[in-house]
Amino acid sequence: MSHPLFSLVGRTALVTGSSRGLGYAIAEALAQAGARVVLNGVDAQRLARSAETLRAEGHGVELAAFDVTDEAAVSDAFARLDAAGLAIDILVNNAGIQLRKPLVELSLPEWDRVLRTNLTSAFLVGREAARRMIERKSGGKIINIGSLTSEAARATVAPYTAAKGGIKMLTRAMTAEWAEHDIQANAIGPGYMATEMNTALIQNPAFDGWVKSRTPARRWGRPDELAGTAIYLASSASDYVNGQILYVDGGMLAVL
């Protein structure tokens, strides 16, 4: 029998960037714990396919196709959720992109695009969700997706590193202002995960070897290995956990 503290029955979770990869794995995990999930992305067809898969497993799924970097689109999306009677109890800010390029070759539009997608979107979507949680006096859970680069830098991914470092501090800022409203804001910092976005790195023998030698677990992580942490931070089991970033990295940050 599962422990009632971890049950998400009766709750609704919006997961941004959830048509595939880590976002989809997190959405599936929350659904398996009993939540009704709202999938988000900009590719409506891919979203529909992902929703169909989850519904075939017996889960309650809704779709919200909107651009998380567009303030007006975010506001309109929440207005539509309100009109549909969907009150978001759990928000997972997962949407993100990567760009590998030396800093001296990086253009301002490229920098801005990564920061808007990986950091500003968490502010925009988090603000709309929190406003409603506060108005309802219902409390809620906000889970931001950070990275190993929330703590440590690596060459050629400067905007991503800046954004994910910002995610750590945005999470703490959310805590500073919203904890008194019974909103727990925390973050997950995945290590190197075997996702579609990392396919080229996995297929690069030198990089694959570096990841496995640098990680005490000696392997890449799987998206489903974020499930337990996501459910914990989304559930009543974490009701007094605020402003933390939990690393799911096979031990990489623990060693030199």
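Student: Is Asp182 buried, partly exposed or exposed?

Tutor: The model is a predicted one. Asp182 lies in the loop between helix 5 and strand 6 (183-190). Buried means under 20% relative accessible area and exposed means over 50%. The relative accessible area of Asp182 is 44%, so Asp182 is partly exposed.

Student: What is the value of phi near Arg218, and where does Arg218 lie?

Tutor: Arg218 lies in the loop between helix 7 (205-214) and helix 8. At 52% relative accessibility, Arg218 counts as exposed. Phi of Arg218 is positive, in a residue other than glycine, and is near 60 degrees.

Student: Is Thr171 buried or exposed?

Tutor: Thr171 has its place in helix 5 (residues 158-178). Leaving aside neighbours within four places in sequence, Thr171 is in contact with Asn144, Ala185, Asn186, Ala187, Gly243 and Gln244. The cut-off for a buried residue is under 20% relative accessible area. Thr171 has a relative accessible area of 1%, and therefore Thr171 is buried.

Student: Is Lys141 buried or exposed?

Tutor: Lys141 lies in strand 5. Leaving aside neighbours within four places in sequence, the contacts of Lys141 include Asp89, Asp239, Leu91 and Leu233. With a relative accessible area of 3%, Lys141 is buried.

Student: How many Å apart in space are Lys141 and Ile183, C-alpha to C-alpha?

Tutor: In sequence, Lys141 and Ile183 are 42 residues apart. In the chain as a whole, among contacts between residues at least 6 apart in sequence, 73% join residues at least 24 apart. From C-alpha to C-alpha, the distance in space between Lys141 and Ile183 is 5.6 Å.

Student: Which residues does Leu39 contact, leaving aside its neighbours within four places in sequence?

Tutor: Leu39 is one of the residues with the most contacts inside the largest nonpolar core. Leaving aside the sequence neighbours within four places, the residues in contact with Leu39 are Val15, Ser18, Ala27, Leu47, Ser50, Ala51, Leu54, Val61, Glu62, Leu63 and Ala64.

Student: How many residues are in the other core that lies apart from the largest one?

Tutor: This other core includes Val38, Ala64, Val68 and Ala129. The number of residues in it is 29.

Student: What is the radius of gyration of the protein chain?

Tutor: The protein chain has eight helices and seven strands. For 256 residues the globule rule gives 18 Å, and the computed value is close to this, so the chain is as compact as a globular protein of that length. Buried residues make up 51% of the 256 residues. The radius of gyration is 18 Å.

Student: How far apart are the mean positions of the positive and negative charges?

Tutor: The accessible surface of the protein chain comes to about 12000 Å², of which 54% belongs to carbon and sulfur atoms. The chain has 26 positive and 26 negative charges. Their mean positions are apart by 4 Å.

Key
Residues numbered from 1 in each chain as written. Predicted model: local features only at pLDDT ≥ 70, side-chain atom pairs only at ≥ 80, totals over all residues. Heavy atoms only, no water. Helix = DSSP H or I, 4+ residues; strand = E, 2+ residues; numbered from the N terminus. Rg over C-alpha atoms; globule rule 2.2 N^0.38 Å. Buried < 20%, exposed > 50% of the residue type's maximum accessible area, 1.4 Å probe, protein only. Contact = heavy atoms within 4.5 Å. Areas by Shrake-Rupley, 256 points an atom, 1.4 Å probe, with all protein chains shown as cover. Lys, Arg positive; Asp, Glu negative; His and termini not counted. Charge placed at Lys NZ, Arg CZ, Asp CG, Glu CD. Core = buried A, V, L, I, M, F, W, Y, C linked by side-chain atoms within 4.5 Å.
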